[in-house]
Amino acid sequence: MTEVTTPGDTELLERWQQGDDRSARALIERHFDSLYRFFRASVPNLAEDLVQDTWIACVKNRERIALTTSFRAYLLGIARNKVLMHWRTHGRRGPTADFDLASIEDLEPTPTQVLARTQHERSLLTALRQIPLEMQILLQLYYWEHLVGPELAALLGVPEGTVRGRLRRAKGLLAAALADQHLAFDELASIASIAGIADLDAWVASVRAHGPNIPDEPDEPDEP
C-alpha cells in the first residue's frame with residue numbers, strides 16, 4: 001500500500017502560487033484556528049473580520065511571498081500588523097499610540113468583557129490585556145502559537161538576542177500583572193518577579209492544557 005503524505009505549507013504555497021485553489025483552501029483550513037485565536041485575544045470584537053482581512057492580504061501578495069521562516073509565521077506577521085493598524089485607527093490613543101507602553105486596557109474606547117472558561121484562564125487573559133500591546137502579542141506568539149526564536153526574530157525584524165530580551169521583559173510584566181490579581185498559583189512558587197519565570201511558563205502551559213484559552217470556537221472558514 002502506498003503511503004499518502006500530507007503536503008507541507010511550503011508545497012501548498014507553491015501549488016497555490018501556480019493556480020491551485022485547493023491548496024489555498026488547505027492552507028486556510030490549516031491556519032484558520034491559529035489566526036482566529038490570535039485576534040480573539042488582541043481585537044476580540046473583530047476577530048472574524050480580521051481573519052478575513054489577513055487572508056485577503058495574503059491572496060493579493062501570494063505571487064510575491066518568499067518565505068524566510070514558516071508560512072504560519074508569515075501569516076501571523078500580517079495578523080500582527082492588522083492588530084497594530086486597528087488600534088492606531090480605533091484606539092483611544094490614536095495614531096500616535098506607543099504600543100511598547102500602551103495596553104489594550106489603555107487603548108479600548110469601551111472595555112470589553114474577558115471571556116474565559118475557567119478562573120485561571122480569565123486571570124491569564126486579563127493580565128495579558130494589562131501589559132503593553134507589543135508584549136502581549138509577543139507572548140501570544142510564544143505561548144499559544146509556539147513560534148521559536150528565528151521565527152519571532154524574522155516576524156519582528158530584530159535579532160534573536162533582542163527577542164530573548166523582550167521575552168524576559170514580557171514574562172516579567174505578565175507575572176507582575178498576575179500577582180496584582182492576588183492569584184493563588186496552587187502549588188507553584190510566587191511568580192511576582194523575574195526569578196519566577198520558570199514557574200510562569202509551567203503555569204501558563206497548565207492553563208493552556210486545560211482549556212481553549214482564547215475562547216469561542218470559530219465557525220467553519222469561508223471558501224477562498
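The questions and answers that follow treat this predicted model.

Colleague: Which helix has the lowest mean pLDDT among the elements of the chain?

Modeller: The chain averages a pLDDT of 82, and 80% of the residues score at least 70. Among the elements, α7 has the highest mean, 96. The lowest mean, 76, belongs to helix α10, residues 197-209.

Colleague: How many contacts beyond four places in sequence does the model have for residues 215-224?

Modeller: Over residues 215-224, pLDDT stays under 50. Where pLDDT is low, the predicted coordinates should not be read in detail. With that caution, the model's count for residues 215-224 is 27 contacts.

Colleague: How far apart are the end C-alpha atoms of helix α4?

Modeller: Helix α4 covers residues 71-90, which is 20 residues. At 1.5 Å a residue, helix α4 should therefore span 28 Å.

Colleague: Around the axis of α1, what arc do its buried residues cover?

Modeller: The buried residues of α1 are Asp9, Leu12, Leu13 and Trp16. They lie on the same side of α1, because the arc they cover around the axis is only 100°.

Colleague: Which elements are included in what covers the buried residues of α1?

Modeller: Buried residues of α4 include Phe71, Leu75 and Trp87, and α1 (9-17) is among the elements that cover the buried residues of α4. For the buried residues of α1, the cover includes α2, α3 and α4.

Methods:
Residues are numbered from 1 along each chain as its sequence is written. This is a predicted model: local features need pLDDT of at least 70, side-chain atom pairs count only at pLDDT 80 or more; totals for chains, interfaces and linings use all residues. Side-chain values use heavy atoms; hydrogens and water are left out. Helices (H or I, at least four residues) and strands (E, at least two) are DSSP runs, numbered from the N terminus. The expected span of a helix is 1.5 Å times one less than its number of residues. Buried means under 20% relative accessible area, exposed over 50%, partly exposed in between (1.4 Å probe, protein chains only). Contact means heavy atoms within 4.5 Å. pLDDT is the predictor's confidence in each residue, from 0 to 100. The arc is that of the directions from the helix axis to the C-beta atoms.
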